[in-house]
Amino acid sequence: MEHLKAVIVEDEEASRETLNAYVAKYCEGVSVVAMAESVKIGLEVIKEHSPDIVFLDVEMPFGNAFDVLEQTQEVDYHTIFITAYSDYAIKALNYSAAYYILKPISIEELVSAVEKVREINQESNFSELKKVLQQNLGNEGIQRIVLPNQS
């Protein structure tokens with residue numbers, strides 16, 4: 001089983017700690033290498049650690065998940081959105097998110113999200129997904145959804 005490095009970007013301390021504990025206990029082969037409580041610190045730890053997965057809260061003070069995505073385009077990682085708001089699901093899809101989990105976090109959903117990342121890594125070309133993400137970020141206001149071909 002491939003080992004994955006993860007970063008958690010979540011402004012609520014209790015949510016960060018709970019997610020960290022869940023990943024450690026239920027997601028075999030995944031290590032949380034850093035946690036951040038803001039967009040600014042999230043940007044720093046993502047660039048420093050080059051994680052495979054970023055668990056990303058959507059709404060944070062002084063910015064949001066989409067600010068993080070736009071400012072870390074040079075780092076290849078899968079995004080698993082963690083949020084209390086279902087309103088962002090479409091926008092998350094437009095940003096080629098690997099998964100979207102609503103709070104409170106279900107352990108089943110968390111395990112499914114990590115397994116989906118593993119499947120993406122094994123079955124598809126991650127660099128192709130990265131290109132899709134960059135194309136989507138390049139569309140001001142995201143007026144279309146670009147999907148990679150499955151071949």
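This is a predicted model: local features need pLDDT of at least 70, side-chain atom pairs count only at pLDDT 80 or more; totals for chains, interfaces and linings use all residues.

Reader: What share of the residues of the protein count as buried?
Author: 44% of the 151 residues. Buried means under 20% relative accessible area, exposed over 50%, and partly exposed in between (1.4 Å probe, protein chains only).

Reader: What makes a set of residues a nonpolar core?
Author: The members must be buried Ala, Val, Leu, Ile, Met, Phe, Trp, Tyr or Cys, joined through side-chain atoms within 4.5 Å. The largest such core has 23 residues, and Val9, Ile46, Leu56 and Phe81 touch the most other members. Strand E1 (4–9), strand E2 (30–36), helix H2 (39–49), strand E3 (53–57) and helix H3 (65–71) each give two or more residues to this core. Another core lies apart from it, with 20 residues, including Leu4, Ile8, Ile53 and Ile82. In soluble globular proteins, nonpolar side chains tend to be buried together.

Reader: Which residues is Leu56 in contact with, leaving aside its neighbours within four places in sequence?
Author: Contact means heavy atoms within 4.5 Å. On that test Leu56 meets Val9, Ala65, Val68, Leu69, Thr79, Ile80, Phe81 and Ile82.

Reader: Why are the buried residues of H1 said to line one face of the helix?
Author: The buried residues of H1 are Ser15, Arg16, Leu19 and Val23. Seen down the axis they fall within an arc of 100°, so they line one face. That arc is taken from the directions from the helix axis to the C-beta atoms. Glu13, Ala14, Ala24 and Lys25 are exposed on the other side of H1. The cover over the buried residues of H1 includes E1, E2, E3, strand E6 (78–83) and H5.

Reader: How does the span of H1 compare with the one expected?
Author: Helix H1 (residues 13–26) has 14 residues and reaches 20 Å from its first C-alpha to its last, close to the 20 Å expected. The expected span is 1.5 Å times one less than the number of residues.

Reader: What makes Tyr22 and Tyr26 an edge-to-face pair?
Author: Rings of Phe, Tyr and Trp (its six-membered ring) pair if their centres lie within 6.5 Å; planes under 30 degrees apart count as stacked, over 60 as edge-to-face and the rest as tilted. Tyr22 and Tyr26 are 6.1 Å centre to centre with 75° between the planes, an edge-to-face pair. They are 4 residues apart in helix H1, about one helical turn. Tyr22, at 23%, is partly exposed, and so is Tyr26, at 35%.

Reader: Why is the pair of Phe81 and Tyr100 called tilted?
Author: The centres are 6.2 Å apart and the planes are at 50°, so the pair is tilted. Phe81 lies in strand E6 and Tyr100 in strand E7, so the pair ties together parts 19 residues apart in sequence. Phe81 is buried at 0% relative accessibility. Tyr100, at 18%, is buried too. Ring pairs link Phe66, Phe81 and Tyr100 into a cluster.

Reader: How do you know that the charged end of Lys91 sits over the ring of Phe66?
Author: The test asks for NZ of Lys or CZ of Arg within 6 Å of the ring centre and within 35 degrees of the ring normal. The charged end of Lys91 sits over the ring of Phe66, 4.3 Å from its centre.

Reader: What is the phi of Phe62, and is Phe62 buried or exposed?
Author: Phi of Phe62 is near 65°, a positive value in a residue other than glycine. Phe62 has a relative accessible area of 85%, so it is exposed.

Note on methods:
Residues are numbered from 1 along each chain as its sequence is written. Side-chain values use heavy atoms; hydrogens and water are left out.
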